[in-house]
Amino acid sequence: MKLKLLIVLSAVLLACNSTDDNKPGPVQGLGHSIKLRDAFKDDFYIGVALNTGQILEQDAVQTDLVALQFNSVTAENVMKSSQIHPSKDVYNFDTPDKLAALAEKHDMAFHGHTLVWHSQLSSFISSITDSTEMANTLKAHIEAVAGRYKGTTYSWDVVNEAVEWNGELRESVFLKAMGEDYLSFAFKTAAAVDPNADLYYNDYSMTGAQKRAGVIKMVKKIQASGAKIDGIGMQGHWSLEYPSIQEIETSILQYAALGLKVAITELDIDVLPNPDGISGADISQSAELQDEYNPYVNGLPEDIAQKQAKRYADIFALFLKHKDKIDRVTFWGVNDGNSWKNNFPVNGRTNYPLLFDRENLPKKAYDAVMALKQE
Ligand code: XIL
């Protein structure tokens, strides 16, 4: 009799447990139980750029996905000067504050993007021509913005996109006003504000030989000035074919040889054909929408999904090979639907550059990346 009772009790307990296990929790609801952030925890941070809605946690599925899969966050737009500091004495800290809190809640490395950039620049800064006024303005901007998140930010993109494809310094409003001293000035100012944050130079097309040589020359000058610079960010807006794994590897090695950390800061793999003459991620470029540039409006074909999976696997295998040099790999967006690549360099396309599809489900590319850690 007692034994019978025990068996019945055990069965009831087992049933309760299994009901618990099968509860449609966020992980199972999203159809993927192993997470990127855990799989790569001993290698590098796995980051993601968040738009305003995602920072404000407007979509519960995406909120769960971000918390489960990533352990670093970057603001896709809300910390750029035109948004966070639109005029001299106006600062919009509300949404960035929420991102800082989100990072803390989920134990994520909060990366600041970006302090000094010629694009999405506040109009009051873009009209400055005097060198002292520019220095004072940059100082005030860096002190206010980096100062607000001091102790919360793990790292900062101090300067974004200062070098042209041919290795020359970009004729930006900063260069015109202050000459190349603006570079070391920005790094010194950021280091004085937040000495513990890693300070990065960040740019696109960082695998081109001429641009790479120009970046290295510039970084050496920043280092020689006595300024603190800790890392190089390679944005990683790449495509199915370019750049080659060898070009990426050479670049990682040469940047690391400067004594700096390397981060892949804005990774996405464009699967669409692009108009001639447009490569990289110069956001001032654009081309008109034509059908030939938008072939997959009804879904990602199987062969292209496989090609992308192989490409992501090759790239992540290289990252793992150089994990001692790589601090962080950040994806530029949560899922294919909200990627900026649907609108760049051609507006209004259907692109598929990330690891999660429009339903927030993992793609073949996700499985291929995860498979590298399961061998
Ligand atoms: C992009 C954002 O993703 C878009 O939403 C915005 O319209 C333009 O900027 N290099 C950078 C990023 O450093 O800040 C850019 O982000 C993409 C290129």
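The model examined is a predicted one.

By these classes, the lining of the second largest pocket holds 5 nonpolar, 6 polar and 4 charged residues. That makes a lining of 15 residues. Lys80, Gln120, Ile283, Trp332 and Trp340 lie nearest the centre of this pocket. The classes can be read off these names. Ile283, Trp332 and Trp340 are among the nearest residues, and Ile and Trp count as nonpolar. Lys80 is also among the nearest, and Lys counts as charged. The space in the second largest pocket comes to about 190 Å³.

The largest pocket contains about 730 Å³ of space. Its lining is made up of 32 residues. Nearest the centre are Ser205, His237, Ile278, Ser279 and Gly280. Two elements of secondary structure, α12 (209-224) and β7 (237-239), each supply at least two residues of this lining. By class, the lining of the largest pocket has 13 nonpolar residues, 11 polar ones and 8 charged ones.

The structure holds 1 cavity of 30 Å³ or more. About 40 Å³ of space lies in the largest cavity. Its lining consists of Leu50, Gln54, Glu57, Thr63, Val66, Ala67, Leu102 and His106. Helix α5 (residues 60-69) gives the most to this lining, with 3 residues. The lining of the largest cavity divides into 4 nonpolar, 3 polar and 1 charged. Glu57 is one of the lining residues, and Glu belongs to the charged class.

Strand β2 (residues 72-75) is covered on both faces. Ser72 and Thr74 point to one side, and Val73 and Ala75 to the other. These four residues are all buried, and buried means under 20% relative accessible area. Strand β2 also pairs with two other strands. With strand β1 (residues 45-50), β2 pairs in the parallel sense over 4 bridges. Here Ala49 has Thr74 of β2 as its bridge partner. With strand β3 (residues 109-116), the pairing of β2 is parallel too, over 3 bridges. In β3, Ala109 is the bridge partner of Ser72.

Terms used: Residues numbered from 1 in each chain as written. Predicted model: local features only at pLDDT ≥ 70, side-chain atom pairs only at ≥ 80, totals over all residues. Heavy atoms only, no water. 1 Å grid on protein atoms, 1.4 Å probe; cavity = no way out; pocket = protein on both sides within 12 Å on 5 of 7 lines; lining within 4 Å. Points joined across faces, edges and corners; volume = space filled by probe spheres on them. Buried < 20%, exposed > 50% of the residue type's maximum accessible area, 1.4 Å probe, protein only. Pairing = 2+ DSSP bridges.
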